[in-house]
Amino acid sequence: MTCLKMMLLTAMILAGCKSSEYAELPVAVDQNFSKSSLSSPDAVMKQEEYLTQHTTRYGELSWREDTSPFSFTQFFYGNWAGHYVWRDQYAMKLITEKTGVRIDRKLSAGSDEDDLNMMISTGELPDTIMVDWNSPAVAKLIDGGLVYSMNELINRFAPGFWNILDPDMVKYHAKNGLLWYLPNVYEQENRLKEGKPVISIRPWFIRRDIYEQLGKPKLETVEDLKNILTDIKQQGYARYPLALDFFDVAKNGFSGSLSLDYLIYTFAPYLQEERIIVEEKKILYPMRHSGFIEAFRFVNRLYREELLDPKFLIAKQVQYEEGMYRAEYAVASQFLNGMYSQFNPTIGTALGKEKTYLVLDGLKAGDRILRFPASRLLGWQGFFITKKAKNPERIIRFAEYAWSDEGQLDFLYGKEGETFTMESGLPRYVPEVRELMNKDYLEWQQQYGFGASTLLWRDSPMLNKAELREMILSRPDEYNASMKLSRFGYDDYPLGMSNLEPEGSSREGVINANIKELWNKAILHLIMAASDAEFDNTYKTFIDMMDAAGAQEVERAMYQNHLQDLAKKGITAVDLPF
């Protein structure tokens, strides 16, 4: 496709591309997209020209000083991430050929938490660790003197690295004035204005053929959903009318399952704001909120009417995903990108398009408005360099490479002319790579490994625009679904509700861990309650136990963390939007 045709097609799609599935949905137009991406000084650049200009702007980077063969070990906290292990994928081989570096990435064969705690307690640490930056283990690593600060290593070995790090990121993630890790997936302030729509929750989907067999009934309220699930069960249209992903409060937060965020914000659209009690200087646990609990009461109703199989209360993530690939569920949840780039293509190839899934719109609960949080990400996992590292100098310089524009292109797109081309100033996979990605995502991962090598994603206007264009051109259903749900989104960044939980080693952190364990058990009893009275009694018992454990101490500590979060973001209490 010529550059001119690409520009025309992009403009046409941005002006109103609609799939037949969402023909009624008005598609918003990003008026800045064509101007900023197609008319920018970089628009006619090749990859080498782009990188040369940007490297000159940032100053000389140090990673090129040594590209001899080198390997370092890494523990990745996430035993589900088999595709992140370095084998002979294209991206991994490209990075090793260019830098000399290979990552010996290890996953837990059992419990991530147990294995990491064992490493910390014995001191038998790998060279590097990747773990959620707000994990309780982080305090143990830092306070125990087990990891280097990025400041020490960057200042000594890669001073040019500072020039490509976002100052706001450094400020937000610093502890005691030092940066101890590199947070991946940190998005800058303008993220909500560029790139693909931000949908933070996991929406629910219904299988296409079942929806059509039902006569495409209206699905506007939670009661509509319940009635449809009842019809599905009575007609035997699917093995499981409803499926929920695995429950684990320690991993998924207080919703227990990522599948439930969709319902929780349906029943509690102002949950975030209403947890903030300024007069008492507390951030309340969400379990105290009536709407939050009403979402669990609704799930209990579905369970009691045999619309939710109890196996999903104890199933593992891998078991849930296996059922997704077999299209065993009539209604299920996934993140949009996962559904449209991974599950639907695989299901369509193996079972036929009729078995793929359609996104549900926002569902109303009573007279509540529809409202979902949609903030930019402040990071996912932190990249730590331990003091057991054999060569921390080489590792920090490799991180510098991974963070650079060149490293990001290698990580996500590969080599120009082989796996991608620069079209209108943005990278795009060549047809054979793109077609495999859209047809068989799992095979694409195994063959190319894009997005799985360094794991040091960072925000980039160019890459955001490239991702949006690829979605529009290759996955218009995902684009339309994103636009459909984005109209309910609000930016919760100014609320100061990030990283609220106290450090695990503190008194409040220990109490919080105990409360999370209590809640993890209570969730199962609430969902499986045999009557409303049993549900109410179970909930009251949990609240009593939570208070007896010291919940109010944690709620006061979370309020202080709330104030710190606001301060790091440069927001004062008077600026709060309520």
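This is a predicted model: local features need pLDDT of at least 70, side-chain atom pairs count only at pLDDT 80 or more; totals for chains, interfaces and linings use all residues.
Figure 1

**Figure 2. Zooming in on how the strands pair up.** Strand 6 and strand 9 pair in the parallel sense, over 2 bridges, and here tyrosine 240 sits opposite tyrosine 329 of strand 9. Next, strand 9 meets strand 5, and these two run antiparallel, joined by 3 bridges. Look for phenylalanine 205, which has alanine 332 of strand 9 opposite it. Then comes strand 5 (residues 204–207) with strand 10, an antiparallel pair that is also held by 3 bridges. In this pair, arginine 207 stands opposite tyrosine 357 of strand 10. How much of strand 9 is buried? It's mostly covered, with 5 of its 5 residues buried.

Figure 3. Which residues of helix 15 are buried? They are Tyr320, Gly323, Met324 and Tyr325. Their cover includes strand 9, helix 16, strand 10 and helix 20. After helix 15 comes alanine 327, with a positive phi near 55°.

**Figure 4. Helix 6 and what its buried residues pack against.** Helix 6 covers residues 136–143, and its buried residues are Ala137, Val138, Ala139, Leu141 and Ile142. What do they pack against? Their partners are helix 5 (112–122), strand 3 (128–132) and strand 12 (381–385). Here's a handy bit of background: an α-helix has 3.6 residues a turn, so residues three or four places apart point the same way.

**Figure 5. Helix 17 crossing helix 18.** The axes of helix 17 (residues 392–403) and helix 18 (residues 405–412) come within 4 Å and cross at roughly 75°. A crossing angle from 65 to 115 degrees counts as roughly perpendicular, and these two helices are therefore roughly perpendicular to each other. On the helix 17 side, the contact is made by Tyr401, Ala402 and Trp403, while helix 18 brings Asp405, Gly407, Gln408 and Asp410. Sorted by class, this contact has 3 nonpolar, 2 polar and 2 charged residues.

**Figure 6. Helix 19 packing with helix 20.** Here, helix 19 (residues 431–439) and helix 20 (residues 441–448) pack at an angle of about 135°, and their axes are 5 Å apart. Helix 19 and helix 20 are therefore oblique to each other. Who meets whom? Glu432, Val433, Leu436, Met437 and Lys439 in helix 19 meet Tyr441, Glu443, Trp444, Gln447 and Tyr448 in helix 20. By class, that contact has 6 nonpolar, 1 polar and 3 charged residues.

**Figure 7. Two loop residues with a positive phi.** In general, most residues other than glycine have a negative phi. Valine 185 has a positive one, near 55°. You'll find valine 185 in the loop between strand 4 (182–183) and strand 5. Lysine 281 also has a positive phi, near 55°. The place to look for lysine 281 is the loop between strand 7 (276–277) and strand 8 (282–283).

Figure 8. For the chain, the mean pLDDT is 89, and 89% of the residues reach 70 or more. Where does the pLDDT stay under 50? One such stretch is residues 1–45. Even so, the model gives residues 1–45 78 contacts beyond four places in sequence. Residues 50–58 have a pLDDT below 50 too, and that stretch has 16 contacts in the model beyond near neighbours in sequence.

How values were computed
Residues are numbered from 1 along each chain as its sequence is written. Side-chain values use heavy atoms; hydrogens and water are left out. Axes are lines fitted to C-alpha atoms, for helices over the stretch in contact, and angles run from 0 to 180 degrees between N-to-C directions. Angles under 35 degrees count as roughly parallel, over 145 as roughly antiparallel, 65 to 115 as roughly perpendicular and the rest as oblique. Contact means heavy atoms within 4.5 Å. Ala, Val, Leu, Ile, Met, Phe, Trp, Tyr, Cys and Pro count as nonpolar, Asp, Glu, Lys and Arg as charged, and the others, Gly among them, as polar. Two strands pair if DSSP finds at least two bridges between them. pLDDT is the predictor's confidence in each residue, from 0 to 100. Buried means under 20% relative accessible area, exposed over 50%, partly exposed in between (1.4 Å probe, protein chains only).
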